[in-house]
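Look over the sequence and the model below before reading the notes.

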Amino acid sequence: MGANTSVRRALITGITGQTGSYLADLLLNQGCQVHGLVRRASSFNRSRIEHLRSNPSIAGNSLHLHYADLSDPTTIRRLINTIRPSELYHLAGQSHVGLSFDIPESTCQEVAMATLAILEICRDLEAPPRIFHASSSEVFGRPCHFPQNEETAFRPSSPYGCAKSFATQISQVYRQSYGLFICNGILYNHESPRRSENFVTRKIAKAAAAAAAGKPEILELGNLDAERDWGYALEYADVIIRMLQHPAPGDYIVATGKATSVRDFALAAYRSLGSDLVFQGRDTEEVGIDPRNGQIRIRINPKFYRPSESASLVGDASRARHQLDWRPAVKGLELAALMANAELADSSAP
């Protein structure tokens, strides 16, 4: 089931985020007309799509931005009825796991209830779009087996994971009950040079670049032993598009299958720029020291520990590999080097 339109129109919620901006790049390159929902605010953060907004051949022609907020389903309904997208990519919402412990209610409102509202809007359309919902590995929380696949039971361990569990399962219900073409992409941690600066991978990349530029700073981190299955957001945007081009809807794990600790990610980032670290101490007293001069580069700060830490989440993306012909090329350590080098290049640019 899909929208009956001669023009391939895509609507992206969260277009100003890292994955949304990569989606916009890829869809525009495919000749798609792209519409993005953006929040109206006193200060705008649209740096990730500035290269598109500043291009007069794209902005206002193949790219259109619309003011809307996830808390305002009436405006979203009006826009969907006007745009009539053939594809809808739903990525927007509070996505910081640690922050969800501080703002659990707004996280659930943005992640869970906003998804339900969008599904209700699409259910009422005569020709509903194909829908992608950005789920998360946090739905597994503390899984009973490794690696996780599409059949792994949900056991979330954070407010964000709980909200994503609801959004994922309600999407399955609407697919089964109303025949909507809905794909859940259960996305494991995906990073890039476009990642927000409050995420640990970007913090590490910035600190490594500063050290390489001769402007070292002390980077404060939480649990260095925490492991994540880190992939490249650009590659994840590619498989997201493939899901909606597949003949049948379904749910897909999107992961690299490789777990990397925060400690190893940091080591790879620094070493890729010619620096090195030696970790000394234990637990909250652990520090990363530059062996050349003995100066501390990384210090553990307990405030960055989460009240409840997910287990080592590692995904099995066999279904995406077999059905969508998708294979990630960039994994944890390579990603750390990519981000650190991009940070250094950006900081050195005139």
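Pro147 sits in the loop that runs between strand S5 (130-136) and helix H6 (159-178). In this predicted model, the peptide bond from Phe146 to Pro147 is cis, and its omega is near -10°. Most residues other than glycine have a negative phi, and most peptide bonds are trans.

**Positive phi in loops**

- Arg84 is not a glycine, yet its phi is positive, at about 50°.
- The loop that holds Arg84 lies between helix H3 (73-83) and strand S4 (87-90).
- Asp325 is not a glycine either, and it has a positive phi of about 55°.
- Asp325 is placed in the loop between helix H10 (318-324) and H11.

**Helix H11: length**

- Helix H11 covers residues 332-348, which makes 17 residues.
- At 1.5 Å a residue, H11 should span 24 Å, and this agrees with the model because the end C-alpha atoms are 24 Å apart.

**Helix H11: buried face**

- Which residues of H11 are buried? They are Gly332, Leu335, Ala336, Met339, Ala340 and Glu343.
- Seen down the axis of H11, these buried residues fall within an arc of 130°, so they line one face of the helix.

Terms used: Residues are numbered from 1 along each chain as its sequence is written. This is a predicted model: local features need pLDDT of at least 70, side-chain atom pairs count only at pLDDT 80 or more; totals for chains, interfaces and linings use all residues. Side-chain values use heavy atoms; hydrogens and water are left out. Helices (H or I, at least four residues) and strands (E, at least two) are DSSP runs, numbered from the N terminus. The expected span of a helix is 1.5 Å times one less than its number of residues. Buried means under 20% relative accessible area, exposed over 50%, partly exposed in between (1.4 Å probe, protein chains only). The arc is that of the directions from the helix axis to the C-beta atoms.
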